[in-house]
Amino acid sequence: MRHRRRLGGPVTLELAAHQRCLDAGRLKVRTRLMPTVAGLHSVRGTDDDGIDLGLDLGLTTGLGDDHLRIGAMKIWLDGSLIARTAAMTQDYACRCNPDHPAGYLQDDADTMRRQILAAIAGGWDIAAHAIGDAAVDFALDVFEEAASSGTQTGRRPRHRIEHAGITSDSQITRMARLDVTPVPQMRFLREFGDDMATSMGPERAKLLYRHKSFLDAGLRVPGSSDRPVAEGAPLLAMATMQDRLSESGVVLGPDERVDAVTALRAYTVDAAWIARDEDRRGALTPGRLADLVVLDTDISRAAPEDVAATTVLATVLDGLATHDTGIGLPVAPPPA
Ligand SMILES: [Zn+2]
């Protein structure tokens, strides 16, 4: 494994005096810099192998190093709201999928159940792709079965419901009880929210990609994009966490809006936690990796439109700039 540069303390950067955003040429890391990481990439097996859980290889969540590491195992349980294939407890309001008016599960329910239980027994954290509320119920049933049957052994799991597109209050309570983390993609509200609201109808539209209700139940809400389905830029998603504005200007679920600091926490502290990276990333403190970005706006205080318009002035990996618009940071050598 490669040695990674870590932050020493105190963490401050000397910056060129001409930087327009800076006060007196010196920047406090705590308020103006943030690390980012892209997680949950696909790891494909060969076509001949089918689904390979890797149980006999020691291949499981956590294997790798600080540049490339295996995260949770994603298992698809249902489809999407965009295609009206997410598995719902009630029919879609739009009546636009006559063959499957309430969507459907991706595979035979018992096959998926056994896959998840086998992966949990092998030490994996599970990212259960569940968008419709029926798929969320299914995922929680299996997680509960694993917890109560002794299938889970060793370290405490960090299972997640990937997307959690439609969730009821009782499902949120159950997630909190089972210690299962929702990972919703708030940028969907801007890019697809109008269409999703139409397919759900006005009552259920309030339950789309909830945020504050998760937090109020004591759950973490890690920031996530589902790139390339939606824009991957964290700043755009953080803006949507605050305003929840659809493309047509409708606020989808106004009670689910959160403030700027909460949005920042989602994409830093809580995103690092769900990836088991909290001792390496998520906050700029001595001992964590020297990976960060420099922004031209204090996004912990900015209005959503200013967060979305924020410019990344520099990106730092291992303490060296991989992108620098003129700050003058030490530069990383070009890739060999
Ligand atoms: Zn997914």
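The model is predicted. Its chain contains 10 helices and 10 strands, and 48% of the 336 residues count as buried. Among contacts between residues at least 6 apart in sequence, 69% join residues at least 24 apart.

**Zinc site**

- Three residues coordinate the zinc ion at 2.0 to 2.2 Å: Lys74 through NZ, His129 through ND1 and His163 through NE2.
- Along the chain, the spacing of these donors is K-x54-H-x33-H.
- His129 belongs to strand 5 (residues 126-130) and His163 to strand 6 (residues 160-163), so this pair ties together parts that are 34 residues apart in sequence.
- Both histidines, His129 and His163, are buried.

**Salt bridges**

- Side chains of opposite charge can pair when their charged atoms come close.
- The whole structure holds 28 salt bridges.
- One of them joins Arg113 and Glu145, with the closest N and O atoms 2.7 Å apart. Arg113 is in helix 2 (residues 109-121) and Glu145 is in helix 3 (residues 133-149), so the pair ties together parts that are 32 residues apart in sequence.
- Arg113 is partly exposed because its relative accessibility is 26%; Glu145 is likewise partly exposed, at 27%.
- Glu144 forms a salt bridge with Arg174, and their closest N and O atoms are 2.9 Å apart. This pair links distant parts of the chain, with Glu144 in helix 3 and Arg174 in helix 4 (residues 169-178), 30 residues apart.
- Glu144 counts as partly exposed at 27% relative accessibility, whereas Arg174 counts as buried at 17%.
- A salt bridge of 3.4 Å, N to O, connects the side chains of Arg69 and Asp66.
- Asp66, at 13%, is buried.
- Asp66 and Arg69 also belong to a network of salt bridges that includes Asp277, Asp279, Arg280, Arg281 and Asp291.

**Helix 9**

- Helix 9 covers residues 260-274. Its 15 residues should span 21 Å at 1.5 Å a residue, and the end C-alpha atoms are 20 Å apart, which agrees.
- Helix 9 is mostly covered, with 11 of its 15 residues buried. Among them are Leu264, Ala266, Tyr267, Asp270, Trp273 and Ile274.
- At the start of helix 9, a side-chain oxygen of Asp259 comes within 3.3 Å of the backbone nitrogen of Val261.
- Arg276, which has a positive phi, follows the helix.

**Backbone exceptions**

- Most residues other than glycine have a negative phi, and most peptide bonds are trans.
- Arg227 and Pro228 are joined by a cis peptide bond, with omega about 10 degrees. Pro228 is located in the loop between helix 7 (212-216) and helix 8 (234-243).
- Arg84 has a positive phi, near 60 degrees. This residue lies in the loop between strand 4 (73-76) and helix 2, and Arg84 is buried because its relative accessible area is 12%.
- Arg276 also has a positive phi, near 60 degrees. The loop that contains Arg276 runs between helix 9 and strand 8 (292-295). Arg276 is buried, with a relative accessible area of 17%.

- Arg187 is part of helix 5 (residues 187-200).
- A relative accessible area of 10% places Arg187 among the buried residues, because that class comprises values under 20%.
- Leaving aside residues up to four places away in sequence, Arg187 touches Ala230, Glu231, Leu236, Ala237 and Thr240.

Conventions: Residues are numbered from 1 along each chain as its sequence is written. This is a predicted model: local features need pLDDT of at least 70, side-chain atom pairs count only at pLDDT 80 or more; totals for chains, interfaces and linings use all residues. Side-chain values use heavy atoms; hydrogens and water are left out. Helices (H or I, at least four residues) and strands (E, at least two) are DSSP runs, numbered from the N terminus. Buried means under 20% relative accessible area, exposed over 50%, partly exposed in between (1.4 Å probe, protein chains only). Contact means heavy atoms within 4.5 Å. The expected span of a helix is 1.5 Å times one less than its number of residues. A polar contact is a pair of N or O atoms within 3.5 Å; within protein, one must be able to donate a hydrogen and the other to accept it, and residues adjacent in sequence count only if both atoms are side-chain atoms. A salt bridge is a side-chain nitrogen of Lys or Arg within 4 Å of a carboxyl oxygen of Asp or Glu. Donors are N, O and S atoms within 2.8 Å of the metal (3.2 Å for Na, K and Ca); water is not among the atoms, so sites may look incomplete.
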